[in-house]
Amino acid sequence: MSTLDVPRVAREDAVSDAPRATIINDFSIQVATVNGSGSQTANNVLMRAIFQMGVPVSGKNLFPSNIQGLPTWFTIRASKYGWIGRKKEIDFLVAMNPETAQEDVMKLDGGSAVIYDEPLKLNQLRSDLHFYPVPFDKLVGPVCPEAKLRKLVRNMIYDGVVAHLLGIDLEEIRKALFKQFGPRKAKTAELNWGAVKAGRDYAEQNLAKTDPFRVERMNETAGKLIIDGNAAAALGCMFAGVTVVTWYPITPSSSLMETLIGYLKRYRIDPETKKATFAVVQAEDEIAAVGMVIGAGWAGARAVTATSGPGISLMSEFAGLGYYAEVPAVIVDVQRVGPSTGLPTRTMQGDLLVTAVLSHGDTRHPMLFPSTPVECFSMMGSAFDLAEQFQTPVFVMTDLDLGMNNWMSEPFPYPEKPFDRGKVLSKADLDRLGGFARYKDVDGDGIGYRTLPGTDHPAAAYFTRGSGHNEKAQYTEREDDYKNNVDRLAHKFETMRRRVPSPEVRYNELAEVGLIYCGTSRYAAEESQDQLKREYGLETSLLRLKAYPFTRELVDFINRHQRVYVVEQNRDAQLFSLIKLDTSAEQIAKLRSVRYYSGLPLDARTVTDEIVDQEGL
Amino acid sequence: MSATATPPPKKVNRLGLEVVNYKGGKTTLCAGCGHNAISERIVEVFFEMGVQPWQVAKLSGIGCSSKTPAYFLGMSHGFNAVHGRAPVVATGAMLANRNLLGIVVTGDGDTASIGLGHFMHMLRRNIPLIYVIENNGVYGLTKGQFSATADLGSTLKTGTPNDMPPIDCCLAGIELGATLVARSFSGDKRQLQAILKAAIAHRGLSIIDVISPCTTFNDHEGSTKSYAYMKDHEEPVHDIDFVPFFDDIAVDYEEGTTSEVRMHDGSRLRLKKLGRDYDPTNRLGAITALHESNGSNEVLTGILYIEPGRPDFVETLDLVDEPLATLPEWKVRPSREALEEIMEELR
């Protein structure tokens, strides 16, 4: 869902200096719980209920690399303005985790509200907050007779309390809850519904509302859906006609593959024969996963694998082979903080530089940068088309924030364009031509013609190998053959520059300052543009990159501004560095860098503060 | 005799192709390399079996052995992949197009070291492939280091003894799920031909571990992968007679001397008893025989294990009959209604 898709509401109330009146549909709720306590369901239900009330909402799960026992935080942001990036400030805390409760409370700004487990006595910590004690253990007993389920059901109680305090329609909670559990788990849903009501009843009878936050119905979410980027990319693969799917489980990409497998089983079984029009392999490692994709792509299948940074590292040699042997492949990189264990459940745009040149020798790989579930869906289609058009591995660079968090989204448009399977010679073509030279640049675009193994023609075969080959795919170590081949590959990459998705550019005629970013950095950057203008009077233009290699629009954008901030989520200014490789000294002199790298999704305030600092405002 | 006499008709196979249609480029390996003999056997056998060359995909890893696909089946698609990882590239290719006949040629470095993990998992999956290991116990292309199949106590050309026990690829094959496991010797023309034919007829994964001496780096005294050692220590477990489905010759054998295995395509393997009782359908028996031979310095050759009935990976995945690679768009892009249904569920 693009923040642009949400019509802005007049914002007088937000800038008003009047005493703190009710704050409607513009705050964030943070739920602090223990991993494995079933809180995810309670949080998703809360988020969906607000969504069902027509209020733009986003949910971010900040979870540990752990199955059970470590602290986890879930942040729900409601924004009538449609800002769905992470908000740094927490307005409404639900403190369920005794281990983190004190620190969580101490971090709040004055005026925030806290629902907490009564025995924790958090109200003794500060006097400038609104405290709501709830005796969760006392409440859970009567609604959940089975003791071993209490730990899970207990969390649903806070949904009832929050609903009462924020004015969330309880019927919307009920609807979201039953949707979450589905018809097959109606009994479990009923049990949880009891807990919600107990929470609501307790709040109604015992808690006097003192905080200013309220949810009120809007009409900004009609027709929209809630989906995570991984599921969106999975659907993108299925509707792009993927036939070979390989993977090695790795957070945060596993759910992409698991979701894809689920959908393939539903929609891609041949109705007549009941056989599969797809093959799925859980490989022994990421090297195998990408090797299978390369083998399948060589034989003509649309093949995909999904991974994260550690997998990208392992795929390096095959990525180079794919580049030089010119084999289509699609690789999704759901970026996380790495390497090794790193922070596997935290987000980062950390693989941009390494992926652009993955492998040894002279290599360049195209990358696509989706920023919304809609783009996760549509760019998978683009990735398969580009891979086959250009006969090369294509990397789709998402991240944990986009992949694993739930996003409000427009429904996905049905892909109208037929597949582009690239330059593949059929038996009839070979009959007509008599033969072909696999790596000859016949059309002047750097892209040769290929044949698929099994093509029923004596002249179809060619021999595929790495970089040591001539136009006819024969092994050679001749200097001119090698140089001609890599020069043609460079030319092919230049052709790609004109065919990859163009950036989304929003020129502001008043602006001397531009912001460049890609992927999920858009949410912070776009909101920051609003903050910069509103709070500092600084006008800015925006350019969101959708692909590498960069297109002409990037250079135009830099030329039209005095100072250009490259906003990204890594320490080493990776996107900035890639831009520098493609621009002149004069353009580079205008570039500045805004970097954020602590593992959480980038927030607008961080961007604004950094730009204000560098601008000397 | 007339000076204009027509030359004798060239020998053709059941497709009308000549043996020359199965040849590849000129070998660049050393004179006397066992691998060249294996390439020749592949040419002969694919010709004799009447395999359509352009239905074959030949793949390899890196090393001397992996160069050989360039030296046979010049009319087949070839893929010289990365070191040790031909099994995964081949897996992808076979899933993309189940009609391909896949042959992978690797070495002992590929299979028993850098690609051991892929080898093991290929075995588990029973990928429909002919997987040839050109096993010389040594890294040839990097000039003579031990490989992981070198026997304990065998020596390098320099006299350095090997202090590591070997990995037996046939034992791994039987243990982990290959459905045809054979060992042969590059110098045993007749046996290797019969095994390769059986592998073409087999549906499932065929592992063929061929002892293939390296004349340059591992053909000396002290090597257990030399021509001389193999001449002295090769111990065929049976005499193999392969009868293809299209060449149904009835031969009578003396009761009790020969067993017959029927292959998926109707071809038959006739295994004539030699010195010992050997039942290649008995998994535990085969494993025991290999362990015993390793203790007695015998190199057992022949079809060590065969299990014709087990489903291969393509069957396990229950793929449609036509190649996935060329399924038409309407079969692989679900309908507008399907997308709408999914969207509705997410609202």
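The exercises below, each with a worked solution, concern a predicted model.

Residues are numbered from 1 along each chain as its sequence is written, and chains are lettered from A and ligands numbered from 1 in the order in which they are written. Since the model is predicted, local features need pLDDT of at least 70, side-chain atom pairs count only at pLDDT 80 or more, and totals for chains, interfaces and linings use all residues, while side-chain values use heavy atoms, with hydrogens and water left out.

**Exercise 1. Overall form of chain A**

Find how many helices and strands chain A has, and work out why its radius of gyration agrees with that of a compact globule.

Step 1. Helices (H or I, at least four residues) and strands (E, at least two) are DSSP runs, numbered from the N terminus, and chain A has 22 helices and 24 strands.

Step 2. The radius of gyration is taken over C-alpha atoms, and the globule rule is 2.2 Å times the number of residues to the power 0.38. Because chain A has 617 residues, a compact globule would have a radius near 25 Å, and the 27 Å of chain A agrees with this.

Step 3. Along the principal axes, the C-alpha trace of chain A spans about 85 × 60 × 40 Å.

**Exercise 2. The nonpolar core**

Determine which residues have the most contacts inside the largest nonpolar core.

Step 1. Buried means under 20% relative accessible area, exposed over 50%, and partly exposed in between (1.4 Å probe, protein chains only); in chain A, 63% of the 617 residues count as buried.

Step 2. A nonpolar core is a set of buried Ala, Val, Leu, Ile, Met, Phe, Trp, Tyr and Cys residues joined through side-chain atoms within 4.5 Å. The largest such core has 212 residues, and Ile168(A) and Val304(A) have the most contacts inside it.

Step 3. Apart from this core lies another, of 37 residues, which includes Phe47(B) and Leu192(B).

Step 4. Contact means heavy atoms within 4.5 Å, and, leaving aside neighbours within four places in sequence, the contacts of Val304(A) include Val245(A), Thr246(A) and Phe384(A).

**Exercise 3. Two residues compared**

Decide whether Val281(A) is buried or exposed, and then place Glu322(B) in chain B.

Step 1. Val281(A) belongs to strand β11 (residues 279-282) of chain A, and this residue is buried because its relative accessible area is 2%.

Step 2. Beyond neighbours within four places in sequence, Val281(A) is in contact with residues including Val245(A) and Thr246(A), and also Leu95(B), Arg125(B) and Phe313(B).

Step 3. Glu322(B) lies in the loop between α10 (313-316) and α11 (329-332) of chain B, and with a relative accessible area of 31% Glu322(B) is therefore partly exposed.

Step 4. Although Glu322(B) and Arg98(B) are 224 residues apart in sequence, their C-alpha atoms are 7.5 Å apart in space.

**Exercise 4. Backbone details**

Identify which peptide bond has omega near 5°, and state what phi Asn126(B) has.

Step 1. The bond from Thr251(A) to Pro252(A) is cis, with omega near 5°, and Pro252(A) lies in the loop between β10 (244-247) and α9 (254-267) of chain A.

Step 2. Gly338(A) and Pro339(A) are also joined by a cis peptide bond, with omega about 0°.

Step 3. Asn126(B), although not a glycine, has a positive phi of about 50°; Asn126(B) is found in the loop between α5 (116-125) and β4 (129-135) of chain B, and is buried because its relative accessible area is 1%.
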